[in-house]
Amino acid sequence: MKALVYTQEKTLVFQDYSDPKLAQGDVLIKVDSVGICGSDMHAFLGHDSRRFPPLILGHEAAGVIVEGINKGTRVTVNPLVTCDVCDACLRGRNNICSNRQLISMAPREGAFAEYLAIPYKNIIAIPDNVNISHAALTEPVACGWHAVKLGITSLDIPIKKAKCLIIGGGAIGMGVALSLNSKGATNITVVDNNPVRRGNLAKTSEVDLIIADQVNQSVAYDLVFDAVGYSSTRSVASQACKPGGVIVHIGLGDSIEGLDVRRMTLQEITFIGTYTYTPQDFQETALAIFNSEMGSFNWVEERSLKDGHKAFTDILSGQVAASKIVLKP
Ligand SMILES: [Zn+2]
Ligand SMILES: [Zn+2]
């Protein structure tokens with residue numbers, strides 16, 4: 001098959017690659033659409049110690065089953081493969097499964113390819129009326145959905161009344177905004193320092209958002225999402241959060257520093273780390289997308305998989321206005 005292969009730092013090559021081998025319980029998907037995630041960019045730059053070349057990146061995928069059960073069905077893929085038997089899985093928290101594997105990380109190849117092998121239990125059928133490239137974005141939106149669900153559980157006021165702040169207007173930030181909106185939030189601010197992206201957010205968002213280049217210091221937020229995850233954004237989050245408020249941390253920028261732990265202690269601010277989504281979150285998100293609760297996905301740009309390298313370098317140089325690029329094999 002043809003695949004977009006990460007061959008070395010900052011290099012993706014569209015080339016011939018060995019076909020995926022099906023394990024017991026797998027189906028073979030002919031990939032139709034696959035989104036570029038911030039974590040793919042992280043790997044592309046050589047910053048991800050979990051992803052080594054040669055490797056096929058990409059984990060936000062949808063396509064058609066061409067081998068295995070229910071051949072011909074259009075499906076979206078939950079890329080997180082979990083064991084279902086460890087302590088975390090048994091508690092329904094498969095996202096922190098101790099044996100979890102994510103496609104695009106060894107030993108599982110990713111979806112920037114013509115074909116992908118994935119366990120049948122990891123797919124969800126897409127209704128006929130739903131655009132397959134939107135269904136591919138169940139994954140990043142589900143990250144937001146999960147984060148919003150966790151944030152709400154620690155909030156001491158109804159979500160309808162909460163002032164919500166999202167740091168970072170990429171696809172995860174967008175997933176948080178859409179999920180907040182669908183859960184009834186009415187006051188949502190998104191902060192992003194990229195002017196091109198802010199312009200696009202203003203143009204494309206169907207959710208009523210306040211869009212800014214930096215946090216308004218005079219506003220105290222009940223619920224703050226860090227969808228970037230650098231020490232600088234954590235610092236902003238821990239200052240912007242109201243006493244008794246909640247910080248939900250999703251971004252995987254860097255590992256340490258930034259939080260004002262003394263302020264968080266004195267002001268009883270809850271900090272929640274979140275990672276991906278449970279199978280239930282993934283189901284719920286897919287359903288919300290299928291029911292058009294997540295809008296029309298006009299924040300997405302489509303490009304050909306063979307031009308994938310250029311898509312990465314364009315994102316890197318800040319030239320891409322869309323919150324998400326979806327590649328088409
Ligand atoms: Zn992702
Ligand atoms: Zn497990």
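Reader: What covers the buried residues of H7?
Author: In this predicted model, the cover includes S11, S14, S15 and helix H8 (261–266).

Reader: Which residues of H7 are buried?
Author: Helix H7 spans residues 231–240, and its buried residues are Thr233, Arg234, Ala237, Ser238 and Ala240.

Reader: Where do they fall, seen down the axis of H7?
Author: Within an arc of 165°, so the buried residues line one face of the helix.

Reader: Switching to the cores. How many residues has the largest nonpolar core?
Author: That core has 51 residues, and Leu180, Leu223, Phe225 and Trp299 have the most contacts inside it.

Reader: Which elements give two or more residues to this core?
Author: The helices are H3 (132–135), H4 (138–153), H5 (171–182) and H9 (279–290). The strands are S11 (163–167), S12 (187–191), S14 (221–226) and S15 (241–249). By domain, at least three residues come from each of domain 1 (2–137 + 297–328) and domain 2 (141–273).

Reader: And what lies apart from it?
Author: Another core, of 38 residues, including Leu55, Leu57, Ala61 and Leu116.

Reader: Back to Leu180. What does it touch?
Author: Leaving out residues up to four places away in sequence, Leu180 touches Val148, Ile159, Cys164, Ile166, Ala185, Ile188, Leu223 and Phe225.

Reader: Now the zinc ion. Which protein donors does it have?
Author: Cys37 through SG and His59 through NE2, lying 2.1 to 2.4 Å from the zinc ion (ligand 1).

Reader: Buried or exposed, those two?
Author: Cys37 and His59 are both buried.

Reader: Where in the chain do they lie?
Author: Cys37 is in the loop between strand S3 (26–35) and helix H1 (38–44). His59 is in the loop between strand S4 (55–56) and strand S5 (60–67), so the pair ties together parts that are 22 residues apart in sequence.

How values were computed
Residues are numbered from 1 along each chain as its sequence is written. Chains are lettered from A and ligands numbered from 1 in the order in which they are written. This is a predicted model: local features need pLDDT of at least 70, side-chain atom pairs count only at pLDDT 80 or more; totals for chains, interfaces and linings use all residues. Side-chain values use heavy atoms; hydrogens and water are left out. A nonpolar core is a set of buried Ala, Val, Leu, Ile, Met, Phe, Trp, Tyr and Cys residues joined through side-chain atoms within 4.5 Å. Buried means under 20% relative accessible area, exposed over 50%, partly exposed in between (1.4 Å probe, protein chains only). Helices (H or I, at least four residues) and strands (E, at least two) are DSSP runs, numbered from the N terminus. Domain bounds come from an automatic or database domain assignment. Contact means heavy atoms within 4.5 Å. Donors are N, O and S atoms within 2.8 Å of the metal (3.2 Å for Na, K and Ca); water is not among the atoms, so sites may look incomplete. The arc is that of the directions from the helix axis to the C-beta atoms.
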